[in-house]
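Colleague: Hi, could you walk me through this one? I'll just ask things as they come up.

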Amino acid sequence: MRAFDKQRSDAPAVTAGAPVRARSSGPQHHRADQAAHAITFLFAASIIFVTGLLFYELYTGALPTRSKFGWWRFLSGTTWDPVSLEFGALPFIYGTLVTSALALIIGVPLGVGASIFLAELAPLKLSNALAFIIELLAAVPSVIYGLLAIFTLVPFVRDYISPILKSTLGFLPIFQGPAYGVSFLAGGCILAIMVIPFIISISREVLLAVPREQREASLALGATRWETAWLVVMPYARSGIIGSVFLALARALGETMAVTMVIGNDPRIKMSLFAPGYSIAAVIANEFSEATSGIHTSALIELGFVLFCITILVNAFARVLILAMERKNSAA
Amino acid sequence: MISHQSRRKATNIVMFTLTGVCTLIAVSVLFFILGYLVWQGGNALSWDFFTKLPAPVGETGGGFANAILGSAKLLVLAALIGIPIGFLAGVYVAEFANTKAAFLVRYTADLLNGVPSIVMGIFAYAIVVVPMGHFSTLAGGIALGVMMVPIAVRSTEEFLRSVPNTLREGALALGATKWKAVATVVIPAALPGITTGLMLALARVAGETAPLLFTAFGNQFWSPGWNQPTASLPDTIYKYATSAYEEWHQQAWAAGLVLLLLVLAANIAARFVLGRQIHVSRG
């Protein structure tokens, strides 16, 4: 698939920007062309329509909560109590941000390191084979990650990782308190495992696309392969790699099932990473079908709207970075 | 001078070893997942698993036949929605659109692809469950179908664009109209790739759980027709894994193994088809 892409970009004649224009050989044929154009256009437009409708449904679905609490009180409220109809989103936003940050702290060094190995050192055949395994990992459903995490990662975090962190870095407030297993830490770990494949496949692609001359020039000047990779190739590919990290962040922010299964589902803001928490996606998954009052459903939809806006922004930013990288390469 | 040189060489070796370790960790996760599921789920997997309804709490045995059928029905609906929209929109982007329109559709598809799956669930809830008044297979299928669209668009576009322009020009030079050239020359040339891409899109939504929680909802029994809540494999795995019963955990492992094997098989098969395709287009 990857080699295929490259081959395509090597053939400048085939671009959407320069479609082959047919000369009409008669009014009837022309009409058939127009019909085909119109039909496919309608289907393409339906994608934009659905995206707009998605935005509209979330926006209007959240209206009752917004008119009752207002944006600020909803976002900054720390109490989530469906019984007394008090809805504050901060514990969930906090949980989502903390687990995603943990995922990046663990996942970025591992993912970028592996992509350097695959792009700069491994022979192409090995690199392609390993990249295929990584792509399979990206295809594993999140509920399966969650299933394994409940029975392996959670006990592991409770019995091994937490005691080690406590005895070495226990002076930090984030590594204090009792360790239950289900926690921010477990959520962050499973998210890291889930986003690493995304970071690796995109970063490897970006690194492989760096022009060969860059490496040759550096090696010819006497640099070692690592110096070439770190000081020449990496800076050249920087924006693409940052793009892959933001794409991974968007995944982590929106990931639902695996986090729901290991985070502990406790809507309180705790400093300790060992404490159970909650995330935006997890509370929607747990409470949506059981919400009895309209305002409860509306509050959950508003949480969905918040999540939607955050992930769209992060995604859009990532795409811009990766696009910029592609432009740079095609200019070089 | 010599020590400086050897330090640089040492750095070179140490850092590349570390990157190798990173790769090893990342790759070994797949084997861990597969091995653990086979170990835990292999025992619970039996003929009953595919043919029987779930057993009541406390009884051993029983199967996930309703969940397997439910997943199949959801995927049929998803394919009916996702494939036509994704395919035709992909044809538009690759063959008919001007640069700006192509960029707009592509970018929107990418954004839609990035929408969290749980938010897709809310969307399907708002446009299907609320008007109908109850959970249904239809709502779940629509949620999965919408999720499929962006992947289907992008892969269709990619494979159409990989068709050499000379084929288009040849068809047009022979007097074919544009749509005839596209329909009888370009699309057939790209068909193996497009089919594979669509299959991968289907495989991806097959494992989705979050959009089904409050659309298809789940069901302990058979779900006749399209109008009622239905069980599905991913949703059942979630409910069984988070339950408190040991027998249910066993069943969850077995179901997880089945789902994982299905998804991996689809991806590996796709790789083979694409591998052949690359070969052909190179030669």
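**Chain A first**

Modeller: Happy to! In chain A, 50% of the 332 residues are buried. Keep in mind that this is a predicted model.

Colleague: How many helices and strands does chain A have?

Modeller: Chain A has 13 helices and two strands. Its C-alpha trace spans about 70 × 65 × 35 Å along the principal axes.

Colleague: And what share of its contacts join residues at least 24 apart?

Modeller: That share is 77%, counted among contacts in chain A between residues at least 6 apart in sequence.

Colleague: Let's look at a helix pair. How do H6(A) and H7(A) cross?

Modeller: Helix H6 (residues 142-169) of chain A and helix H7 (residues 184-208) of chain A have axes that come within 9 Å and cross at roughly 130°. H6(A) is therefore oblique to H7(A). As for handedness, H6(A) passes H7(A) in a right-handed crossing.

Colleague: Which residues meet there?

Modeller: From H6(A) they include A:Tyr145, A:Leu153 and A:Ile161, and from H7(A) they include A:Leu185, A:Cys189 and A:Met194. By class, the residues of this contact are 12 nonpolar, one polar and no charged.

Colleague: Switching to the two chains together: how many residues of each are in contact?

Modeller: On the chain B side there are 85 residues, in contact with 80 residues of chain A. Helix H1 (residues 2-41) of chain B gives the largest share of the chain B side, with 18 residues. That side has 57 nonpolar, 18 polar and 10 charged residues.

Colleague: Staying with chain B, is B:Phe49 buried or exposed?

Modeller: B:Phe49 is buried, because 20 other C-beta atoms lie within 10 Å and 20 or more is the cut-off for that label. B:Phe49 sits in helix H2 (residues 47-51) of chain B.

Colleague: What is B:Phe49 in contact with, leaving aside neighbours within four places in sequence?

Modeller: B:Gly63, B:Phe64 and B:Ala254. As for B:Met199, it lies 150 residues from B:Phe49 in sequence and 25 Å away in space, C-alpha to C-alpha.

Colleague: Last one: why does the length of H4(B) agree with what a helix should span?

Modeller: Helix H4 (residues 99-114) of chain B has 16 residues, so at 1.5 Å a residue it should span 22 Å, and its end C-alpha atoms are 23 Å apart, which agrees.

Colleague: Which residues of H4(B) are buried?

Modeller: They are B:Ala102, B:Val105, B:Arg106, B:Thr108, B:Ala109, B:Leu112 and B:Gly114.

Methods. Residues numbered from 1 in each chain as written. Chains lettered and ligands numbered in written order. Predicted model: local features only at pLDDT ≥ 70, side-chain atom pairs only at ≥ 80, totals over all residues. Contact = placed C-beta atoms within 7 Å. Helix = DSSP H or I, 4+ residues; strand = E, 2+ residues; numbered from the N terminus. Nonpolar A, V, L, I, M, F, W, Y, C, P; charged D, E, K, R; others polar. Axes fitted to C-alpha atoms, helices over the stretch in contact; angles between N-to-C directions. Parallel < 35°, antiparallel > 145°, perpendicular 65-115°, else oblique. Left-handed = near helix turned anticlockwise from the far one by under 90°. Expected span 1.5 Å × (residues − 1). Buried ≥ 20, exposed ≤ 12 C-beta atoms within 10 Å, placed from the backbone.
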